[in-house]
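Hi,

Here is the structure I said I would pass on.

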Amino acid sequence: MADSPATGKPDAPPAHSFAWSNMFVHPDEDPRSEGGFDDERTVLVEYLRDQRLTLQLKCANLDAEQMARRAVPPSTLSLLGLVRHMAEVERGWFRRVIAGEDSPAVYRTENDRDADFNGAVADPEVVAEAWRNWRTEVEFAEQVVERASDLGVTGRKRNGEVISLRELLVHMIEEYARHNGHADLLRELIDGRVGQ
């Protein structure tokens, strides 16, 4: 930072102009919580809910082409791919690990481990199907958590390791938060919408 010729002191950094016009929602209309929870279960459930809502906000009002638009070659990362991926993640952790179901993957195959991203094409039905699958898996996950007697309930991973529902909820918050960071950049690339 250069010194001001008038004062001999460093110039103040430039003020950033800030407007809600390029944000997703005005704070008064934001469907996400503002925290203030007083028990562990509610904290984890509500923070995960907020992360899920953030993914929805990042994808709001986009057409199939925009949803399927990829970041930069050779990456296959797209908002549609993220929705499909998170449907797969929800399904794997809550159906297979915690509920113990023998549920096959929705997208992933032996020949294409990244089919959730590779199959994210600009087709309105592919987008609609992705949202249906994601909502189905989120609803199932919410029911699993609601029915659990406590956060110490466990499931077993493919490698045989045991994981508690508590740890899984923290992991899911981390998983969404990381991918919502990707979604921030993808959405800004599409139409300049930023933040939140």
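Ile163 has a relative accessibility of 2%, which is under 20%, so this residue counts as buried. Keep in mind that we are looking at a predicted model. Ile163 sits in strand β2, which covers residues 162-164. Setting aside residues up to four places away in sequence, Ile163 touches Trp93, Val97, Ile98, Val153, Thr154, Gly155, Lys157 and Leu168.

Leu168 is in helix α6 and counts as buried because its relative accessibility is 0%. With residues up to four places away in sequence again left out, Leu168 touches Trp93, Phe94, Ile98 and Ile163. Val97 is 71 residues away from Leu168 along the chain, and their C-alpha atoms are separated by 9.6 Å.

Now the overall layout. The protein has 6 helices and 2 strands, and the order from the N terminus is α-α-α-α-α-β-β-α. There are 196 residues, and 40% of them count as buried. Taking the contacts with a separation of 6 or more, 68% are between residues 24 or more positions apart.

What about the largest pocket? Its space comes to about 600 Å³. The lining is made up of 21 residues, and the ones nearest the centre are Glu88, Gly92, Arg96, Arg108 and Arg158. Sorted by class, that lining has 11 charged, 5 polar and 5 nonpolar residues. Helices α3 (79-98) and α6 (165-191) each supply at least two of the lining residues, and α3 gives the largest share, with 7 residues.

Helix α3 also holds His85. Is His85 buried or exposed? His85 counts as buried, because its relative accessibility of 16% falls under the 20% cut-off. Beyond its neighbours within four places in sequence, His85 is in contact with Asp116, Phe117, Glu175 and His179.

Last, the rings. How many aromatic pairs does the structure hold? There is 1: Trp131 and Trp134 are arranged edge-to-face, at 5.5 Å centre to centre and with 85° between the planes. Both tryptophans lie in helix α5 (residues 124-147), and they are 3 residues apart, about one turn of the helix. Both also count as buried, because the relative accessibility is 13% for Trp131 and the relative accessible area is 3% for Trp134. There is one more ring to look at while you are there: Arg95 lies over the face of Phe140, at 4.0 Å from the ring centre.

That is what I have so far.

Cheers

How values were computed. Residues numbered from 1 in each chain as written. Predicted model: local features only at pLDDT ≥ 70, side-chain atom pairs only at ≥ 80, totals over all residues. Heavy atoms only, no water. Phe/Tyr/Trp six-rings, centres within 6.5 Å; stacked < 30°, edge-to-face > 60°. Helix = DSSP H or I, 4+ residues; strand = E, 2+ residues; numbered from the N terminus. Buried < 20%, exposed > 50% of the residue type's maximum accessible area, 1.4 Å probe, protein only. Lys NZ or Arg CZ within 6 Å of the ring centre and 35° of its normal. 1 Å grid on protein atoms, 1.4 Å probe; cavity = no way out; pocket = protein on both sides within 12 Å on 5 of 7 lines; lining within 4 Å. Points joined across faces, edges and corners; volume = space filled by probe spheres on them. Nonpolar A, V, L, I, M, F, W, Y, C, P; charged D, E, K, R; others polar. Contact = heavy atoms within 4.5 Å.
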